[in-house]
Amino acid sequence: MSQSQETLSNLLQETRRFAPPAELAETANVTAEAYEEANADRLGFWARQADRLTWSKRWDTVLDWSNPPFAKWFVGGELNVAYNCVDRHVEAGLGDRVAYHWEGEPGDTRTITYAELQREVSKAANALLELGVRKGDRVAIYLPMIPELPISMLACARIGATHSVVFGGFSADALRTRINDAQAKVVITADGGFRRGKPSALKAIVDEALKDDSTPSVERVVVVRRTGEQIAENPRDVWWHDLVDRQSDQHTPEAFDAEHPLYILYTSGTTGKPKGILHTAGGYLTQVAYTHYAVFDLKPETDVYWCSADIGWVTGHSYIVYGPLANGATSVIYEGTPDTPHKGRWWEIIQKYKVTIFYTAPTAIRTFMKWGDDIPAQFDLSSLRVLGSVGEPINPEAYVWYRQHIGGGRCPVVDTWWQTETGAIMISPLPGVTAAKPGAAMRPLPGVVADVVDDQAQSVPNGGGGFLVLKEPWPAMLRTIWGDDERYVKTYWSRFDGLYFAGDGAKRDEDGDIWLLGRVDDVMLVSGHNISTTEVESALVSHPKVAEAAVVGSTDPVTGQAIVAFVIPRGSAGEEVEGEGFVAELRDHVAKTLGPIAKPRQIMIVPELPKTRSGKIMRRLLRDVAENRSLGDVTTLTDSSVMDLIRAKLPSAKPED
């Protein structure tokens, strides 16, 4: 073993273990036997999970894999997704249970029971039918985080229309591209939403996207009144309150084939045409319902669950709308940002609604770390019992901070790996089973077959790193890229014969547990050595003066690629971070933690990092800065002025020797 390989094999070694709380382990929804059950009969296991739903017609075959990689799950089965998410709970006598506690950013609230949700979804379904929407038609939804968003999705599912939710931060060009690719017949939007204390326009962006007959498929635009801002009205427009409120609140849902298209969700690739990920009804609902129940140990009678994601991303689809509602859960939806009107807003909401399960992103957690321990300490978070993490690998220090300062040292943290394409959580601890390691995704869930392989598709030994692949089909898997089967095969199934690979690197530690290393394109090749950006970021954040870090590779004439780091200091570090001494201290810290090969060439001390509204760091923009290129599209950033602040730092950010 070379010195560099030995250094890399020692990365992310973690001696801390957090066993499940005894009380949770005793009452856990899922026990260790689930792994044995699924290993013994994987398809039988998924059939039993499908039986947790209500089917109008039972399936003939659990899985048809006769034409890989095109899967069909629960073949011959029929169900209605909206019925499973709403009506069956009302019929079971749970109509008075709260489905959603909705909190607007200005502080306005709505509490929606399952009976009320059934009526609202039925009215919206009848409204879409009045507009001529039918089974198989596509509906684009461009809304803020308001109740009409899940209502619109469920209304589409109820009548067999395929929805395409477009995140409210996307530009007019991005919206137009998605509308045209899906050939959407109707667009549902709002005059605007509230963000950071002021209205943010949406209808104007829709008008821009639809101008000059550039979206010929669109027949009508339905507009929810949210902010009261003045908007331009077009003959194709209709107000939601004029159209929906007058509809009957009675609607009989129709059963659709298990493989009926439920939704298209576009991945916002940095280059090229966005990929329309297609998910279908039966398999998707089966797996999101099961994983929500298993991973979060959901007790729908007593839990209050909050996923802080935006519904415009897959996390919101699966774990704000479909998974929780299929399980009869009570959820929180929040419209705004964590720092409006103050930096304790999220903890205030947890205290107000006595949230018991909280699911958020590592970038948010690191932001809270930066703001200081004293902010969450001001609120009563004792209701919490399970914490979740999603979106990117969580570094160990953020994990431990989250567990200690938000979870009171008592809550298990489930760090979940999955993708838009997988539809549902694939790798995660189970809170009543797993002795979790900070920063590790741990093991594939029961019924999921994942592996870490080398470039010859051979499983790597414990201690080795490589590519994360899925070896067997799973119910919530994407069925194709909308309208482009060839691209689907090429993108996900061509790297390794017969294996699904979507671009993530991973390593298996000495215990066989899986650590995610981020995207393979976030693995830097420095002097012939593969170094993960995640590992360098974790090393930087483990320094007591660092709140958050992002690392990218930059072209270097000597080493091929060099490591460039962008670092946000902790608030308490104050004046200590100014000057070259702090940068040298950080470089030495990384060298000591990971080895000299991983020492950043350049470290920039910055006030913020560029993030999308879903909390993901836009490393592409940081690479542009590091390479001194013009910036690409910044429309999805929460605050595009962050890039100006980073640019302003460039003159003082000289490479170290």
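**Salt bridges and an open sheet in a predicted model**

R17, K437, R443, D509, D511 and D513 are joined in a network of salt bridges, a salt bridge being a side-chain nitrogen of Lys or Arg within 4 Å of a carboxyl oxygen of Asp or Glu. The model is a predicted one, in which local features need pLDDT of at least 70 and side-chain atom pairs count only at pLDDT 80 or more, while totals for chains, interfaces and linings use all residues. Residues are numbered from 1 along each chain as its sequence is written, and side-chain values use heavy atoms, with hydrogens and water left out.

In general, side chains of opposite charge can pair when their charged atoms come close. The structure holds 39 salt bridges, and three of these pairs can be followed here one by one.

To begin with, K352 forms a salt bridge with E103, and their closest N and O atoms are 3.1 Å apart. This pair links distant parts of the chain, as K352 belongs to helix 13 (residues 345-353) and E103 to strand 4 (residues 98-103), 249 residues apart. Helices (H or I, at least four residues) and strands (E, at least two) are DSSP runs, numbered from the N terminus. K352 is partly exposed, with a relative accessible area of 47%, whereas E103 is buried, at 3%. Here buried means under 20% relative accessible area, exposed over 50%, and partly exposed in between (1.4 Å probe, protein chains only).

Next, D137 and K185 meet through their side chains in a salt bridge of 3.3 Å, N to O. D137 lies in the loop between helix 6 (114-130) and strand 6 (138-142), and K185 in the loop between helix 8 (172-182) and strand 8 (186-190), so the pair ties together parts that are 48 residues apart in sequence. Both D137 and K185 are buried.

R366 and E548 also form a salt bridge, with 3.5 Å between the closest N and O atoms. Helix 14 (residues 362-371) carries R366 and strand 28 (residues 546-556) carries E548, so that distant parts of the chain, 182 residues apart, are linked. R366 and E548 are both buried.

Turning to the strands, an open sheet of 4 strands has the order 21-22-24-25 with antiparallel pairing, where two strands pair if DSSP finds at least two bridges between them. Strand 21 (450-453) and strand 25 (514-519) are the edge strands, each pairing on one side only. Within the sheet, strand 22 (residues 465-470) and strand 24 (residues 504-508) pair in the antiparallel sense over 3 bridges. F467 has G505 in strand 24 as its bridge partner.
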